[in-house]
Amino acid sequence: MVVVSTIVDLQSRLDSIKKLSIGFVPTMGALHQGHISLVKKSIEENDITVVSIFVNPTQFNDKNDFQKYPRTLEQDASLLEKVGVDIIFAPTEKEIYPEPDTRKFDFGMLDKVMEGKFRPGHFNGVAQVVSKLFDIVKPNKAYFGEKDFQQLAIIRTMVKQLNLPLEIVGMPIMREQSGLAMSSRNERLTAEERAEAAIIYKQLSESLKYSSDHNIEETIKYVTEGINDAKHLEVEYFDIVDGNTLQPITDWNSTDYIVGCIAVFCGNVRLIDNITYKRTN
Ligand code: AMP
């Protein structure tokens, strides 16, 4: 604590507090090392790091998925304390939605494909909660994982559409030793399913080499069939898209940023992942 007696001293102290940069990591909790990589980056780049933990009802199109979503606040808090987070924001639904949010966002074609197509309303819900959280926290930088590749593109677009004064930082996918992308949903897999789920990334990785002398249609077939061969795995979609527009492409030469995005049911747990085929821009 300090006691100050001059206006200049008081104001310069207040100015320096106001100048503290705020880094923000929005999450739905059940934290793993993927989340922690975002948190560590925020701590490295900002004076204060805020992590929100809120399982947002408006982004779930499947009530069962919402109810079954793991909630482990105590464990999450102790993990975040260890890495040095300053503030955890764990609001109730009433706090975030004192009134129903009826806003409708328009992301053009960005949310008409992949997750947006198979989870109708999902990205509108994501935009509702993230725009509210940005307004509440007022961060200088916010950190998102490339695991949710389409979400990251949509958040970047929303920030532009709303002229929000913050920077969005995208972070690489963290994986388990088996290659499986880390996810809170992995906790819901049986041991056998979890072992099999590693095939998803194995097949994606192998398709990098395969793609060098096969066309897009063949590569899609290679990935999809390779995964569907596994007992517990069922591909919902595998799209090879322009990494900027997210629209499916049919020719490897049509753009210089190409990403393959996949959603797979492993038992009744839905997992997503992606791989970059080409990035020269
Ligand atoms: P969630 O709690 O699933 O909403 O995720 C919160 C943030 O963590 C999102 O920006 C995710 O993209 C990111 N994230 C989730 N899993 C991973 C991962 N395996 N690697 C990197 N970031 C991740």
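How far is an oxygen atom of the ligand from a polar backbone atom of Met 28? The separation is 2.9 Å, a polar contact in the sense of a pair of N or O atoms within 3.5 Å. This is a predicted model, in which local features need pLDDT of at least 70 and side-chain atom pairs count only at pLDDT 80 or more, while totals for chains, interfaces and linings use all residues. Residues are numbered from 1 along each chain as its sequence is written, and side-chain values use heavy atoms, with hydrogens and water left out.

**Ligand contacts**
- An N or O atom in the side chain of His 35 lies 2.9 Å from an oxygen atom of the ligand, and a nitrogen atom of the ligand is 2.8 Å from a backbone N or O atom of Met 174.
- Of the ligand's own accessible area of 490 Å², the protein covers 93% (Shrake-Rupley method, 1.4 Å probe).

**Cavity**
- The ligand sits in the largest cavity, meaning that more than half of its atoms lie within 2 Å of the cavity's grid points.
- A cavity is a set of points, on a 1 Å grid over the protein atoms alone, where a 1.4 Å probe fits but cannot get out, and its lining residues have an atom within 4 Å of a point.
- The largest cavity is lined by 46 residues, and those nearest its centre include Met 28 and His 35.
- Helix H7 (122-137) is among the elements that give two or more residues to this lining, and H7 supplies the largest share, 6 residues (helices are DSSP runs of H or I, at least four residues, numbered from the N terminus).

Definitions and conventions:
Polar contact = N/O pair within 3.5 Å; in protein donor to acceptor, adjacent residues only side chain to side chain. 1 Å grid on protein atoms, 1.4 Å probe; cavity = no way out; pocket = protein on both sides within 12 Å on 5 of 7 lines; lining within 4 Å.
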